[in-house]
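Dear colleague,

I am passing the structure below on to you, and I would be glad if you opened it next to this message while you read. After it come my notes, arranged by topic.

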Amino acid sequence: MATPVKVYGPPLSTAVSRVLVTLLEKDVPFQIIPVDMSKGEHKKPDYLKIQPFGQVPAFQDESISLFESRSICRYVCEKYADRGDKGLYGTNPLEKASIDQWVEAEGQSFGPSSGALVFQLAFAPRMNIPQDQGVIKQNEEKLGKVLDIYEQRLGESRFLAGDEFTFADLSHLPNGDYLVNATDKGHLFTSRENVGRWWNEISDRESWKKVIEMRKKALPAV
């Protein structure tokens, strides 16, 4: 590769860290471009040209600009299919469909409830925002039901889309890590035998450990 791809946004962001861990798994060189959201840099005209909704991440690969973390990750897996973990997004239509169905489950079922908990329990206190106990209770119940389905699935296969680690598993790392390590809700994972085994395995990957180090370095700026 002639030029590293660019990822705009802080590693503390769950969406940004999803892209970073994908790039590390695919062994694609990248550059992180800071976006100071506290100063409104994500709403400035130049940034809105590459991320029209004013969110993070934004992504550039030479003349290509993309937004939405899961779309960026799929692009990286497809364009750089011959690099890094070659099976991260499957190698045939059935594998890709199997991965995609669990990525959809992550985005539509796991993501909303886990994201609400992460915000309420991990970020709201840092931002001096009062926690909403009703929201916490409601989303803990929702996430528990989702993880009951995961528990059954992971009793049938080592990972969500089969017996190999894929993007389907990777996509759960950002929210899952905050829940397990930065809140008191880690029992949602650890109390379920298969989910706990799965979580311990996917969160121990070297790529994710590197993202955690990036998050730690970014903490003083919060």
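**Charges over rings**

Arg-205 lies over the face of Phe-165, at 3.8 Å from the ring centre. Please keep in mind from here on that the model is a predicted one. A second case of this kind involves Arg-126, whose charged end sits over the ring of Phe-123, 5.3 Å from its centre.

**Aromatic rings**

A pair of aromatic rings is described by the distance of the centres and the angle of the planes. The count of aromatic pairs in this model comes to 11. Elsewhere, one aromatic cluster is formed by Trp-102, Phe-110, Tyr-150, Phe-189, Trp-198 and Trp-199.

**Salt bridges**

How many salt bridges does the count come to? The number is 18, and I describe a few of them here.

In helix H5 (residues 133-153) you will find both Glu-141 and Lys-137, which are 4 residues apart, about one turn of the helix. Their side chains meet in a salt bridge of 2.8 Å, taken from N to O. Glu-141 is partly exposed, with a relative accessible area of 44%, whereas Lys-137, at 53%, is exposed.

Glu-156 forms a salt bridge with Arg-153, and the closest N and O atoms of this pair are 3.8 Å apart. Here Glu-156 is exposed, with a relative accessible area of 56%, and Arg-153 counts as partly exposed at 22%.

The side chains of Asp-177 and Arg-215 also meet in a salt bridge, at 3.4 Å from N to O. Because Asp-177 lies in helix H7 (residues 173-182) and Arg-215 in helix H10 (residues 206-218), the pair ties together parts that are 38 residues apart in sequence. Are these two partners buried or exposed? Asp-177 counts as buried at 10% relative accessibility, and Arg-215 is buried as well, with a relative accessible area of 4%. Salt bridges that share partners also join Arg-18, Arg-70 and Glu-106 into one network.

Which residues does Ser-114 contact, leaving aside its neighbours within four places in sequence? They are Leu-143, Asn-175 and Leu-179, and with Asn-175 there is a polar contact of 2.9 Å between the side chains.

Pro-93 is likewise found in helix H4, but this proline counts as exposed, at 68% relative accessibility. The C-alpha atoms of Pro-93 and Val-135 are separated by 39 Å, although the two residues are 42 residues apart along the chain.

**An annotated region**

An unreviewed UniProt entry carries the annotation "domain: GST N-terminal" for residues 3-84. In the model, the chain over residues 3-84 is 33% helix and 20% strand, with its end C-alpha atoms 17 Å apart.

Terms used: Residues are numbered from 1 along each chain as its sequence is written. This is a predicted model: local features need pLDDT of at least 70, side-chain atom pairs count only at pLDDT 80 or more; totals for chains, interfaces and linings use all residues. Side-chain values use heavy atoms; hydrogens and water are left out. A polar contact is a pair of N or O atoms within 3.5 Å; within protein, one must be able to donate a hydrogen and the other to accept it, and residues adjacent in sequence count only if both atoms are side-chain atoms. Contact means heavy atoms within 4.5 Å. Helices (H or I, at least four residues) and strands (E, at least two) are DSSP runs, numbered from the N terminus. Buried means under 20% relative accessible area, exposed over 50%, partly exposed in between (1.4 Å probe, protein chains only). UniProt positions are given in the numbering used here, feature names are shortened, and annotations may be inferred rather than shown by experiment. Rings of Phe, Tyr and Trp (its six-membered ring) pair if their centres lie within 6.5 Å; planes under 30 degrees apart count as stacked, over 60 as edge-to-face and the rest as tilted. A charge sits over a ring if NZ of Lys or CZ of Arg is within 6 Å of the ring centre and within 35 degrees of the ring normal. A salt bridge is a side-chain nitrogen of Lys or Arg within 4 Å of a carboxyl oxygen of Asp or Glu.
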